[in-house]
Amino acid sequence: MNDYPETTEIKEIVTAAQKIVILQADNPDGDSLGSALALEEILGKLGKEPVLYCGADIPSYLHYLDGWDRITKDLPPQFDAAIIVDTSAVSLLENLQKTKQQGWLATKPVIVIDHHASEGTIPFAKVICNKPVVATAEVIYELVQQCGWPLNLNAQNMLVTAIMSDSLGLTVAATTARTFHIVGELVAGGVNIAALEQKRRELMRKSPELVHYKGELLERVEYHADNRIACVTIPWTEIQQYSPQYNPSMLVIDDMRMTANTAVAIAFKCYGDGHTTAKIRCNYGFGIASKIAEHFGGGGHIYASGFKVEKGRPFNELKSECIRFTTELLDTLNESQDHEAIQHQNT
Ligand SMILES: [Mn+2]
């Protein structure tokens, strides 16, 4: 078990509170949702009144997780404490700011449970428990063990789902032996991974319309810098048409990443109000995703990150800069790898 210094304060806040809001950022995923639903279950069993909040819609591919429809877009009129899961970036809580609820949140004791080391910080948080592990759910598991909180089968299922989601089935670089131990302990507790996977796959089935759209997107993939960079651009009309069914970027980004010689895949989305977002995925050995994102004011992990640029900048200019900057990073990485190889030969 990992002992976190933040545990005592987290336990104190939770013990003193009755109604506790659990918040996800505006980009919910399997880890944030699984973590939020696990916490809801754990706090409920502790006799608390948990309330689930997310400023954005929960994407339909996550609707196989029972309880997603309990999530609301408004904070309750009264609550005692809040737990933000899976983000440390205030920019990702924009909807809370837009609806003028952030100031309100800041008056309560706020706990952040996260694993995004490079993402900055939430200035109004009272306790930040941000650990360099593969999923927020892994941090929650450790906290639950340290606090001696109950973990029933439903909560365990949610934690495993969340860990499997962010670790892509325990295969990404940030997965550690401890991650395997935790999943092992949860399986020993009754979690059936095959059954969870079956449920997820059922929901992954796509409509014929979406399959055809995926084909269109794949045809539009552009390659740059000797195919080391693959990128695609998704215009507002397509975001409007397909996003309710599936995140267009996620339809193709893995196929892009899996092109021969490709190191980095970037999916740009151009919104109706003029702002642009980018989702970045890197292959193993080319961990520059957070550097690219940070260059444009975003953040994330070395292999997975994203950024958002407000309107005012022509998209083509932004895209060119992104490709140029990414090429430079890849060239530098190449040089340092060559350098290391030479040094290795010499020793
Ligand atoms: Mn996560």
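**Figure 1. Gln102 in helix 4.** Gln102 belongs to helix 4, which comprises residues 102-105. The model shown here and in the following views is predicted. With a relative accessibility of 12%, Gln102 counts as buried, because the threshold for that class is under 20% relative accessible area. When residues up to four places away in sequence are not counted, Gln102 touches Val90, Leu93, Leu96, Gln97 and Phe124.

Figure 2. Four residues coordinate the manganese ion: Asp31 and Asp86 through OD, His115 through NE2, and Asp166 through OD. Along the chain, the donors of the manganese ion follow the spacing D-x54-D-x28-H-x50-D. Asp31 is located in helix 2 (residues 30-45), whereas Asp86 is in the loop between strand 3 (81-85) and helix 3 (94-98), so the pair ties together parts that are 55 residues apart in sequence. Asp31 is buried, its relative accessible area being 0%. Asp86 is also buried, with a value of 8%.

Figure 3. Helix 7 consists of twelve residues, 177-188. From the first C-alpha to the last, helix 7 reaches 16 Å, close to the 16 Å expected at 1.5 Å a residue. The buried residues in helix 7 are Arg178, Thr179, Ile182, Val183 and Leu186. They cover an arc of only 140 degrees around the axis and therefore lie on the same side of helix 7. Ala177 and Ala188, on the other side of helix 7, are exposed. The packing partners of the buried residues of helix 7 are helix 5 (136-147), helix 6 (153-166) and helix 8 (193-204). Just after helix 7, Gly190 adopts a positive phi of about 125 degrees.

**Figure 4. Lys199 and its contacts.** Lys199 is situated in helix 8. Its relative accessibility is 39%, and Lys199 accordingly counts as partly exposed. Although Lys199 and Tyr64 are 135 residues apart in sequence, their C-alpha atoms are 6.5 Å apart in space. Lys199 touches Tyr64 and Asp66 when residues up to four places away in sequence are not counted.

**Figure 5. A salt bridge within helix 8.** The structure holds 19 salt bridges, one of which joins the side chains of Arg200 and Glu197 at 2.8 Å, N to O. Both residues, Arg200 and Glu197, lie in helix 8, three residues apart, about one turn of the helix. Arg200 is partly exposed, with a relative accessible area of 29%. Glu197 is likewise partly exposed, at 27%.

Figure 6. Asp254 and Arg257 form a salt bridge in which the closest N and O atoms are 3.0 Å apart. Because Asp254 and Arg257 are three residues apart in helix 11 (residues 248-257), about one helical turn separates them. Asp254 is partly exposed, with a relative accessible area of 36%, whereas Arg257 counts as buried at 18% relative accessibility.

Figure 7. Lys308 is joined to Glu310 by a salt bridge, with 4.0 Å between the closest N and O atoms. Lys308 is partly exposed, at 32% relative accessible area. Glu310 is also partly exposed, with a value of 47%. Through salt bridges that share partners, Glu94, Lys308 and Glu310 are joined into one network.

Key:
Residues numbered from 1 in each chain as written. Predicted model: local features only at pLDDT ≥ 70, side-chain atom pairs only at ≥ 80, totals over all residues. Heavy atoms only, no water. Donors = N, O, S within 2.8 Å, 3.2 Å for Na, K, Ca; no water. Helix = DSSP H or I, 4+ residues; strand = E, 2+ residues; numbered from the N terminus. Buried < 20%, exposed > 50% of the residue type's maximum accessible area, 1.4 Å probe, protein only. Expected span 1.5 Å × (residues − 1). Arc of directions from axis to C-beta. Contact = heavy atoms within 4.5 Å.
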